[in-house]
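Hi,

Here is the structure I promised to pass on. My notes follow below it.

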Amino acid sequence: MTAAAPASSGRVSREAITSFLRKYLIVFIFLGMCVLLAIFTPNNSFLKPQNLINIVRQITVTGLLALGVMLCIIALGIDLSLGSVLGFAAVVSASLVQQPGWKEALWPNLPQLPAIVAVFAGLGVGLALGSVNGGLIAVFKIPPFIATLGMMTIARGFAYIYSNGRPVSTLNPDFLWIGGGDILGIPVPIIIFGIAILLMHMMLNFTRFGRHIYAIGGNETAARVSGVNIGRTKVGIYAISGLMAGLGGIVITARTQSATPALGMGYELDAIAAAVIGGTSFAGGIGTVWGTVVGALIIGVMRNGMDLLNVSPFYQQVVQGIVIIVAIIIDERKNR
Amino acid sequence: MAEEVLLRMTGISKEFPGVKALDDVHLDVEAGTVHALMGENGAGKSTLMKVLAGIYTADAGSININGVPITVPDSATALKLGISMIHQELSPVPAMMVAENIYLGREPLNRFGLVDKGLMIRKAQALFDKWQIDINPRATMSTLVVAQMQMVEIAKAISYDARLIVMDEPTSAISEREVAHLHRIIRSLRDSGVAIIYITHKMDEVFKIADFVTVFRDGRHVSTLPAGELDRQKLITLMVGRELTHLFPKEDIEIGDVVMSVRGLTRKGVIEDISFDLRRGEILGLAGLMGAGRTEVLEAIFGVTKTDAGTITVNGKQLTIGSPADAIKAGMGLLTEDRKKTGIMGVLSVRDNMSIANLDRFSPNGILRKGQINAACEAQRTALALKTPSLAQVIKNLSGGNQQKVLVSRWLLTLPDVLMIDEPTRGIDVGAKSEIHRLMSGLAKEGKAILMVSSEMPEILGMSDRVLVMSGGRITAEFSRAEATQERVLEAATVVAPAA
């Protein structure tokens, strides 16, 4: 019963403005937060360049996972295994670049390998486990929530088994450069995040695969009747999600100079929160890379700001929960 | 009894962002009458009824029942006031029993305060017995076919013992036989003093059942007349505000060679030994009652469902079709029956909805050629006179007719030889309907072969060069355009065929 908007020019322009405001609401909220923090933090500490860089660096891992889970949510799925896959990828990757000759190393007799080997191993772990998720969902028709819940436990178990439950540390400086180095003053993790954002944006908006992801979320049956290969697309989605977890594992290991099998526990929840705050809809078919990135930034800025304002971490959790719920309420109203 | 005004709505206005859905509308309904609301989609019929049922709140206006002013803040209040409503879109709880669905939210309780299932089932059975509805109240809702669900919904609305029952397109999903049944129920309710407001797009029904007809156009009240003073042409004129010259403009053109041959197509228990040829420039109508297996034939051909036997040949090449993707590659398109469930991707843009079936050609190496997509979609938008502010518009904001045009475009972009269309004009308004018909006729003229399933007899008779009639999963008759009459088609559709 809804008709297209009538062509009265005054009304259309007002509508255009409203729809613009709605679309970019999350950006305005983010900018508003920044302005408030800039005013209220003591000694202008929020706006110091080092602080801003810190915020971005801190959100890179959450951000990478958020990009992965965003794909799943757009296609009416979810990936709960991200944190565990990250943990497993991290210990595998770290174990290949421990200082040669160190007696506590996981593989004490391993010669010095180029850092790139460890990177590929971490990415490979993520890709493989993600593909298994996709296969379970596409072939056996297991609901994504259940399939990835199972994988969450399995991958965490693998991480403990592989590392004997011990931290994997004393890593090669080459590898640590990924977490601590910089190119022209820009920290490497931020560069990696930037490239991931760009690639993900291009994939979603400029490839057939990207359109298929939105189509599945918009109406899976219609997509199938229109010739979309649902199974293949889903495997692709979860494989990429796993790949992002692998990448996140590498970055965080290189930054903290150690991988523990417990690494990444609960990270998937922050990632889901970022995607949702950024406007990714649990009803499927809606979600953007820039929105998700802003969602991750909001979480980062919020935490940083509350630290600077000396808000107790206990209260911070409450605030973050409220923000997630409010974001969903706004989203609900927007789509009505 | 017929003189008593039961419901009086005056000065009702309701505005949605960008649309004035109702503009100073009035409506009087007398007890013991059937009052039809007519109008194109977007005319405001459903909106007015949703105001009455407490789903929307009007911006202005008043509602009186038996002369007493009332307010209807929510559906529960509406029910208490004796107003029940059958909605256009069914909302069953699939995992629950039929009886539980009927008494949802007002389950009879035993003395321990627990739900008394036995009593509930007995009450449902009594209700079904009274109205001669042949459905098991213990059956799980999800095992019912759509027509049965619709009957349950109707039974539910009656079970409230309402003074006024609103029926919003109650017959859009049920067959002629069930329509007749529903009409018997309506007459009997009317004779017992209940007022019925009946919204429909089907004019034949209006003349069969209605005492009064109110026509809406663009959110305004156009006129209210006794049904006896109206005829089809007059009604159409009132609804669209213009003379419709051709309702069904299928042009006579030269029918070409066979494009598609189907032989012995069988899916056990659903369709049996379906064989026919489809020719270039031809519109082949597939008629039959609900559940005759028409949609299932299209789905089997298109690879949506698996088949047990049979061959499909397109352009002389025998095909193995394992999925819709294979069918599309072979030059077929399928516009599905249920626009919302299997057609549109609601939250996506017009452009995404239009281009989805042809992305393989729009992105030969996986990278989208956006310029090409835009140009192709723009061309479709112009060719089909699609009413949308832009190609980026979210499709669910379009009217039903325009959504249907987008779906037609989706398949035209794939340049199919064979286009299968399931219920081309279900739930869309008269103006858009005739545009879709003109479009189909034009496509046939261009040499496309069209296989059309329709439950509307005038559409079948008006549009088809040839008519196949199905019953019980089999083809029971074939008529040429000249041979096909309403009586013949209906007779073949009600032949009791041996179960497939």
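The C-alpha centres of domain 1 and domain 2 of chain B lie 31 Å apart. This is a predicted model, so treat it as such. The domain assignment puts domain 1 of chain B at residues 5–240. Domain 2 of chain B covers 258–493.

Next, a sheet in chain B. Six strands form an open sheet with mixed pairing. Their order is β6-β7-β8-β3-β9-β10. β6 (83–86) and β10 (220–226) of chain B are at the edges. Each has a single partner strand, so one side of each lacks a neighbour in the sheet. On average, neighbouring strands of this sheet are turned by 20° against each other, direction ignored.

β9 (residues 212–217) of chain B pairs with β10(B) in the antiparallel sense, over six bridges. Val213(B) has Leu225(B), in β10(B), as its bridge partner.

α5 (residues 146–159) of chain B lies across β6 and β7 (164–168) of chain B. Helix α5(B) runs at about 175° to β6(B).

Now the contacts between chains. In chain B, 36 residues are in contact with 28 residues of chain A. Which helices of chain B each supply at least two residues of the side that touches chain A? They are α1 (45–52), α10 (324–329), α11 (339–343) and α15 (400–412). By class, that side of chain B has 17 nonpolar, 15 polar and four charged residues.

Best wishes

Definitions and conventions
Residues numbered from 1 in each chain as written. Chains lettered and ligands numbered in written order. Predicted model: local features only at pLDDT ≥ 70, side-chain atom pairs only at ≥ 80, totals over all residues. Pairing = 2+ DSSP bridges. Helix = DSSP H or I, 4+ residues; strand = E, 2+ residues; numbered from the N terminus. Axes fitted to C-alpha atoms, helices over the stretch in contact; angles between N-to-C directions. Contact = placed C-beta atoms within 7 Å. Domains from an automatic or database assignment. Nonpolar A, V, L, I, M, F, W, Y, C, P; charged D, E, K, R; others polar.
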